[in-house]
Each structure stands twice: as C-alpha cells, then as structure tokens.
Amino acid sequence: MQCANCNKSFESKQSGFKRRYLINQDISTSAIKDILLNVDITPKSEKRSESRFVCNECEKLLKTASVGVKAKEKLFSKTDETSYIGLKRRRITLSASPIGTPYTPKRPRLSSTPKSKKREHLTTGARYFATYKYDKGFRHYMSKSKVALKSLRKVLRRKIRMDVKQMLKDVALPVKQSVSVSGFKDMNFAQMLTAFESHAPFLYDAIVSSLTTREKELKRGKGNVSLVPVIGTIMSMIAYQNKPKLASLLMKMNAVQMWRSGCKRSLFNIFNHMGICVGEWSMFATLDKLRASFDAELLSWKNDLKRHVFRTPDSPPANSPAVSQSDETEDDPSSFSTSSFSQLESEPEESSEWEDAMDDYDDDDVQSSERESEEPTILYGDDTVPKGYTLCWDNVGKQVKARHQTRNHGNKYKCWALAYAVKNRIQTTQFDNKKVEPAESIDIEKYLLNDKERHAVRERLVNMVQRILVGHLAAFRSVAHYPCTSFQHHFTRESSQKSEMFNIGVIDANPSSTAGVIEILDTLHNYVPQHEDQVHTLITWGDALSCERHLDAQNARANATTAVGKLQGLEPGAQEFHKRMLLMQDTMDKLFDGKSARDKGTLFHLKNVFNQRSVSKHVSETFNYVAEFLKFVTEGYVVLFAMDLLGIDDMEEDTIEDAEIALNRVSEEIVDSIWNEVTLENAGNIDEDIPMIECENSECKNGGWFHTDCCGLDEDDLPDEWFCSSDCRTFATQFCTCKSNQKGIMIECTNTDCKRGRWFHINCVGLKKGQLPAEDEPWFCSKFCSKTGKSERSFQAVDRKFEYSKYLMWSGLNDLIRRDAVRNNDGPMMIVYWKQDLLQFLQRNHPKYFILAHRLIAGVNGFLPPRLQQDLIWNRTVNIRGGHASNDEADLVNEFLNREFKESIRSVGPHTTPLTLQRHGKLAGGVGVVLDDVYKELLDAHKAAHHTQKGLNRRDDMQYFVQLLGPENLTRKISGRHHSAFPKFTSERSVSYTRLQERVTKLSKKLDRARRVAH
C-alpha cells in the first residue's frame, strides 16, 4: 500500500505497516479540508480496506500545517500527482479553470468584514492553546501584545499577594516562632523554601530563577555554592515586611548578632529600614526577653536531678542499679570500683559493672581499635535517670582607661566571674553519696606512684616515642599501623560524645575578694539540687586561684546554720590546663636563657634558628607558641636519639631489618635513658607518727630536721620559714667569711659541699679583679675544699649537655602524654599525673598546686563520697565538637568563653551598667553560643564540599634540625662538656620524704578539721 499524499510504499514492521489513518482523532475531516483548500476527503470507513492512510512523515506535516505556512508548503511539495490527495487537488484545479490552466484558488472569506492584521496574533495564540502548547502561547502573547503582558503581570501580582497573605496566616513558618533559645535552634531555611514552594509557587519560582538555572540543586557557580541561605534570607525578609510583628525571628537574630559584634546604634535603624534586622529598641526588648528565661534549660537539669536524688514520688530510687549491655544480671552498685588507685593496684575479686579501667596497662590487645567496640556501655534500666552535671567558673575582667588621669582618678580593672555547666557523659549518680573517710586515715603511699602506675606512665612514654619515630623516620613507615594513637579505656565511647553545655554567663561580683567569691558561690548554688536542708554537692572546676578562693569562702561561711549557707553544695576541683601551663613555665625557667643563644641545641638557640619570634619565656602570654615549639624540639631530640641508636645518618634511610622489633627496642631504650622523675630522699626511715619541721638553712649543723614538740611549735600552725637558731638564720642569709652581705664582686667555690659560704668577696680571699680564674677553671676557697673536692671532680665528669637534653625530652614527652590523657578523657591517668606532679610542686615550691593536688588525691581515695570521686576521675573534660580524642580541659573551655565575652563587651564604654553587664554576660556567652551554632548550621549545612586544610608540615624543619644538631652528639654521654650558659646543669630532682610527710599530714589535718567545723 502507498501513502495517500507522497504515494510511497509503507515500511513494514512486525505486525502491519508504519502508517496512520488520514483522518484520525488528531486530524478531523474539516481540518484536512481547511488545510487542502476545500478538497473533499472521503470520511473514515469502518473497514480498513476502504480507508486512506499516510506515512508518519506526512502525518506530522498535516498536524503542523494548520498553524504554519512553511509546513503547508512542505506538505504540498511532497504531494505526488498520482496519489489520492494529488488527484483530488488536480480535479479541483482543472474544474476551476475554463482553459485548463492551473491556478491556486484563494481561501474563501468566512465573514463579510475584512480580517485585520492586528488580530492575527490572537488567532495564532489561540491555536497554541488549542493544541495544549501553553508555554508557546504565553510567550507569543507576551512578545506580541503589551496589553496581554500587562494583564498577565497584574494577575501574577494579585496571585502572589494572595498566596503570601494566606501562607503567613495558615502556615507555621520558622520565622514565626517566638523569641527563645528553642526558637533560635528551630530556625531552618530548608523549611522556609518548602513552605514558599508549596504555598507561593509563583514567588518561589521568580526568586529562584533570578539567581540560578539549576533550580533543582539550588546551586550556582563552579564552586557549587548553595543558594539556600540566600533564598531563605530573601523569603524571611518578605515575610517580615508583610508581618513585622509575627514573622521577625530572623531579623531579631540578626540584630542580636550585630549587638554582640559591637555595631553602632545608628546602624540598627539603617539596617531596619533595609529589612535586615529589627530596630534598636526592638533589639533591646529581644535581649531582655531572652535574659529573663536564659537559664530555663539548666534549671530543668537541676529539677530532674533533684527529683531523682531526693526520691520524690515520680522519680526512681536514688541508688537505682546500673545495667550493662554485656551482662544485665550484675546490678550491684556496691561492686563498682570507687577509686582509680584501687583499680591500678589490685584486681577485683568479682567482676563489676565498671571493669578495671586500668587493665589496659597489662593487656596488649587494648591498643587495637577493636577494644572499644567490645566494651560494654553502662546504662540505667530507666532511661529517664539523669546523669548529673558539673560547674566551672573563672574570673574575667576588662581594663578601663581613664581619658583624664589625676591623683584620684586613673585606669581601673573591672573584674567579674564567668561560669558554665556541663552535663556528665559518664553516669555517676548511681554511686553512694555519703560514705567518706578521714583524710588522716589515708596512707601517705597513696600520694605516691606505685609500681603499676609507674609502669603505666612508662608505657605511654614509649608509645609516644614510637608515634614520633613512625611519623619522621622512613625506616619505620612500614609499621605505621603498630603504635596506637590513643589508649582505650572503659568509657572511650562515651568520651567521644559531644558535651551538652550551658553557659551561665557573667556574675557581677568581684572574685578577688572573699565577699565577692561568696556572692559568686551563692549564685551558683541556685543551680545546685536542694531539698529542705540537704544539698546534692556538685564538682566546681577551676584553676588554682579560683579553687583557693573557693576554699577561703567556705572557711568564711563555716559558722552558717544551713548547708547552703556553708556553701557545701559546691566542691572545688583543680583542672589540668593551668597546671600544664605551670609545668611548662618550670621547663622554660630551667632551660630557656637568653645567654644560651650561641649554645647549639638549647631552646633559645633553636628559637632563633627556626624563627620562632613569638616564643617567650613567659608562657602565659604565648602559651600556644611555646607549646608548639616545645613539641617540635622534643620530637627533634627523640629523632636524633633514635638515629644515633640505629646508626643512621639520614631520616629517609630505610635499611633496617625487623622494623617493629627495632622500634620497640629503640623506644624503650630512649625512655629508660631519659627517665627523670622526682625522687624521694630517706624514704621509709622516718617515724610517721611524729611531726617534724625542717630548718631553712641548707647547711644547718644541728641536724636539719626537728620534732615540733621539741621546738615548742604547734603542728597545726607551723610557720612558712623557720630556722633552728640565730646562727642558721645568719648563715642562710649571708655569704663569704665576712658574713656582712656587703656589695662587690664575688667568686664561687668549686666544691659543692663548701661549708664556708660557697660565695666569697674577691677582696676577702685575697684576689684581684685581674686575677680571677677562667670560667671553666676550678677555684677552691681553702685547702680543705681542694682536698675534699672529689665531689666537684665527679661533678665535672658529668655530661651537662646530655643532662640538658635529657631534661628537655623528659619534660616535652610528659607534656605530650598528659595532653593525650586529656584528649581521650583518660581520668585514671590524669589522676596518676597529679600524683607524679605532687613532688614537683613541692620541689619547685608551688604551694597552691601542692594543696590542690593533695585535696584531689585525698578526695579520690576516700575523703569524698564515691559519687564525687567518680566525677573527679571521669568527668574532668569537655568535648565541645564531639568526636574521638577531642576533649579539652574544663578550665580551658572557660578561657574560650572568657575571650568571647571580652570581644562582646569591647564596644561598651567605661561605665558598664548592671543591665548592660547582664545582657552581655548572660546572652553573649549563653544565647550567643546558641546563635553561633544556629548560623553555622544554617550556612554549613548547605556549604559546598571543600578540601580541609592540612596540618603544618615541618618535615623540612625536622631535616634541618637533624643536620644542624647531629654532629653535636647531644644525645650521647660525653664526660666533661656543658653549655656555656648552663655550666652546672643537672636534671636530678629530689625532695625530702620527711618534708613531704610533714606537709601531707598538716594538710590532711586541716581537711578533717574543716569537715568537723562544717558538720
């Protein structure tokens, strides 16, 4: 069969031919007649044999010929004269011409009125609509008719206004929420876009299409920048302009952020007219509304804990047993260990819910990541049981400079306190809250490292050395999997959870006075669970000064009649960050000296070589720079030591066999060579029951130590400085044979055991200025010292350079493992380090930290109840961001908040009103953190993927470090050498056991006496 138009044969297919009826549902008889200029077509027959067909190509031309002239011309050009349509058209042409000349007949008029060319576009647009081509129809009218375009815009404007009005009335948009912390947290741009797309589609399409062609992804540019925050902000501004009182949440959030940033007041009104934020007074009203209910969340923590602890009818018993996921049958809370030290010293007779947290010290398998997944998680049978929380506070201040200074008017430093609360991640509320022991009953050995604890420290030092060597030496890269990056403990999983914090804000009281500290503690007691005259004591973290003032305030309130009045609801707890700063300062005091600039390998020399200009001796001013510098130098010395032991000269040398065995051997040898803990003198030879006092004269000829009873001294009120006789006082404060303390040039006797005064005026010993010996030349004050100077000769035989390197590596590695313990929330090890540092506090004369270390160690060994013991051990850190090994010291987190508050209040003038302080203190720190998180989530949730910046690469510096100091052999023992600035440097440190015992006994008695007075 052939096509009715082009007369071509149809192509065959599996069943039939590729053809279409000439007259079908898409093309009627009248339409074809109109197209073919009144050609009569036989109607469609019910019998297929009598019907006419066309090919697919002609059928498409027929459809388009009704609206296009070109399509009609193309259709006629394909018409074959012998085809059905060709014959029909031929007959009409011949019958219309009397002489047989073909012509094209004109289309008959359908109306007596001539057709206007101005209305042709209406017919064309109607045809588009008739064939369901609405987009072409709208585009045709918009391009051909200004009236149609104007009408369309009018319809759309009316539709958009109605949609927006109805949406703001019926839909719960995020910007319509009330001003509160929870409302800020629920702010979400994605919900705004969804609401506008559903209820105001024309407005949504207009905004989106004006910004991007990628309407589904809502991104723009090569960097795939998300447009969700931009579009969400535009929609929020539209909602705010329509309903300024109802939909103003985002504008109020913007105003609060601008206020926190210190923007000028005039800027609020300017931006308010631009629709970016609310006005100045609306902003202040928002601040006051937030301030009124800022601590609602913390009060809910308090009420939940209060209902649980004091056993109200709607709470479970206070000693509700814990349930382990691994074994739900063991639910005896009495089987829980109450001390990290008992866990280290002995194995429990029966398994308990808290397994021995220090078993990993003797278990090699603990270093694998599988241990974490195998350990059970401690849970309550009832999930509603609160975990408890702790508090932390520190002072914060602002320097106010006077413009015009007089004798009575000058600069001032305003000081306040800033506090926050953090919810416990480790459950401790199941432990006993009353059982305590006297501090005097705690054996002094509990304050010292035992063999197992010492082994734990050594194991972590070895691990740290291994990690350093694997990171820097090519010989050990093949065993990079071997050293664990962190030691797992029983609560590793819980410690990786993000901490739930609440910033209490600034308390308007001066912490430098006892009255001010009392006011601060009274304020914090508002968040301590209380019932009648009972309090549920909370740990309050702080630095040494805060804890000392805390104790002074409690002593001042000891005669109060209630537990709250005695401030018993808060127990001070010293933290790690400021202790770390103190120990680092000790290291810098001993090793950092400007005179050593020319001594290769000293800290001052390396500071200049590696351009560490920000490093100074004052650690508190440049802590981050000093910490990073000490870490780099420590790693450099460890690498040097290992290369010397391995006999290699290049860090890239990879010729070592059995790398894992060599790594273990070298790491252990390095740690054993630099081991340098503070030692005790005459330990075990003193009667512990008889208190004694030491004469401050180191050359005392009367024995040095005396019983307090024999000297007529009160053991509870011993002086800080005491001499056994006037001769000792004179000898200890004077030098030379003249004992006159006169000024002048002095020379030191080389004999370290010189009994004549050690330092002498050159005139008193018959020397002149030009006759002084060289710096390295020995000099003795007498023949007796010359003969008995054996100790000095042995002193000179010591390698002072190696002693320097040894002390540096010991201090640096200990700082690194302490930081590791904090990052992993390894509570038992943090307590072990406090015990290790106790002797250094005594040796370096840090009485405040010695007192706090004693109180902490006594507390975890029975002086405090088991619940507080576990808080002191396991809830010492805060995980701000969440994640493994991401914990920080609680006092360091307080420093972060202090910095934020200072930045917020920087724009405030010298006259800080109480209302301004409350706004900044309670909102800048508390709600401000929430706002920062909300904005970060609003932006970061839709931020394009980007590459994170890698850590600083010090490989080139390490290469240069090895090349510079390798020839100096600073990690080898070579007798008789020393750094010129440290001629008699020694790494040995020791304290008297008697002195330690006397101090511990004295402090223990004070603790017991304070408890008796309080109760």
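Predicted model: local features only at pLDDT ≥ 70, side-chain atom pairs only at ≥ 80, totals over all residues.

Me: Why are Cys277 and Cys392 called buried?

Reply: Buried means under 20% relative accessible area, exposed over 50%, and partly exposed in between (1.4 Å probe, protein chains only). Cys277 has 0% relative accessibility, so Cys277 counts as buried. Cys392 has 1%, so Cys392 is buried as well.

Me: What makes the group of Tyr132, Tyr134, Phe138 and Met142 a patch?

Reply: Patches are made of residues with over 30% relative accessible area and no salt bridge; like charges are joined within 9 Å, nonpolar side chains (Val, Leu, Ile, Met, Phe, Trp, Tyr) within 5 Å. Take Phe138, which sits in helix H6 (residues 134-144). Phe138 has 41% relative accessibility and counts as partly exposed. The nonpolar surface patch made by these four covers about 470 Å². Accessible areas come from the Shrake-Rupley method with a 1.4 Å probe; for residues, only the protein chains shown count as cover.

Me: How do you know that H6 is a helix?

Reply: Helices (H or I, at least four residues) and strands (E, at least two) are DSSP runs, numbered from the N terminus. H6 is such a run, at residues 134-144.

Me: What makes Arg265 and Glu280 a salt bridge?

Reply: A salt bridge is a side-chain nitrogen of Lys or Arg within 4 Å of a carboxyl oxygen of Asp or Glu. The closest N and O atoms of Arg265 and Glu280 are 3.2 Å apart, so the pair qualifies. Arg265 lies in helix H13 (residues 265-273) and Glu280 in helix H14 (residues 280-292), so the pair ties together parts that are 15 residues apart in sequence. Arg265 is exposed at 54%, whereas Glu280 is buried at 10%. The structure holds 36 salt bridges.

Me: Why is the pair Glu669 and Arg665 called a salt bridge?

Reply: The N to O distance is 3.9 Å. The limit is 4 Å, so the pair counts. Both residues lie in helix H25 (residues 659-674), four residues apart, about one turn of the helix. Glu669 is partly exposed at 33%, and Arg665 is partly exposed at 42%.

Me: How do you know that Asp888 and Arg819 form a salt bridge?

Reply: Their closest N and O atoms are 3.2 Å apart. That pair links distant parts of the chain: Asp888 is in strand S22 (residues 888-889) and Arg819 in helix H29 (residues 800-823), 69 residues apart. Both Asp888 and Arg819 are buried. Salt bridges that share partners join Arg819, Arg823, Asp888 and Glu889 into one network.

Me: What makes S10 and S11 a pair of strands?

Reply: Two strands pair if DSSP finds at least two bridges between them. Six bridges join strand S10 (residues 412-423) to S11, so the two pair, and they run antiparallel. Ala419 stands opposite Gly505 in S11. Strand S11 (residues 501-507) is mostly covered, with six of its seven residues buried.

Me: What makes the link between Thr390 and Trp541 a polar contact?

Reply: A polar contact is a pair of N or O atoms within 3.5 Å; within protein, one must be able to donate a hydrogen and the other to accept it, and residues adjacent in sequence count only if both atoms are side-chain atoms. The side chains of Thr390 and Trp541 are joined at 3.3 Å. Thr390 lies in strand S9 (residues 389-400) and is buried at 0%.

Me: Why is Arg598 called exposed?

Reply: Arg598 has 78% relative accessibility, so Arg598 counts as exposed. Arg598 is in the loop between helix H22 (576-591) and helix H23 (603-609).

Key
Residues numbered from 1 in each chain as written. Heavy atoms only, no water.
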